[in-house]
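Thanks for making time, everyone. Please have a look at the sequence and the structure on the screen.

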Amino acid sequence: MDAVITDERLKIGDVATRSGLSVKTVRYYEDIGLLAPTVERSDSGYRLFAPSVINRLAFVKRAQSLGLSLSEIRQILNISDRGELPCDEVKQHLALKVEAINQQINALELLKSELQQLLNHWQDHPSVALANTTICPNIQGDC
């Protein structure tokens, strides 16, 4: 039966091709522990992956596209590896991402407003006194 299991294992090049990732990325993900339960080493030291690694890598790619860090993804995968459904954990991480995005949007709106104010009051030819005491009077002083 061991021969059957080995035959079902995928080499790293196959995993890279099927997942759409580079061999280097697959190797890195294994090195940081994202692929732990799906990989083993052959007697000659080659990485051999269970076919389930493709689904695992698809999850990693999707989670990254939603803004989750590799550390957050590792936490989620650890829950899954214990046989638990990690959806509550994923939901918490995504809710935090939405909150962070809202804060970024607010900060960008403030910056946009400040920039627009500067542009609305822009002077192409500021006074000589201001020009002599600042680098750009339009952003450093009251023009």
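The chain averages a pLDDT of 91. Of the residues, 94% score at least 70. Over residues 1-6 the pLDDT is below 50. Beyond near neighbours in sequence, that stretch has zero contacts in the model. Where pLDDT is low, the predicted coordinates should not be read in detail.

Now, helix 3. The helix spans residues 23-31. Which residues of helix 3 are buried? They are Val26, Tyr29 and Glu30. Look down the axis of helix 3: its buried residues fall within an arc of 100 degrees, so they line one face of the helix.

What do these buried residues pack against? Two strands are on the list: strand 2, residues 39-41, and strand 3, residues 47-49. Helices join in too: helix 2 (12-19), helix 4 (53-65) and helix 5 (70-81).

Turn to the face pointing away from the buried side. That face carries Lys24 and Asp31, which are exposed.

Back to Glu30. Why does Glu30 count as buried? Its relative accessible area is 17%, and buried means under 20%. What does Glu30 touch, leaving out residues up to four places away in sequence? The contacts are Leu35, Val39, Arg41 and Arg47.

One last stop. Just after helix 3 comes Gly33, with a positive phi of about 90 degrees.

That's my tour. Questions, please.

Technical notes
Residues numbered from 1 in each chain as written. Predicted model: local features only at pLDDT ≥ 70, side-chain atom pairs only at ≥ 80, totals over all residues. Heavy atoms only, no water. pLDDT = per-residue confidence, 0-100. Contact = heavy atoms within 4.5 Å. Helix = DSSP H or I, 4+ residues; strand = E, 2+ residues; numbered from the N terminus. Buried < 20%, exposed > 50% of the residue type's maximum accessible area, 1.4 Å probe, protein only. Arc of directions from axis to C-beta.
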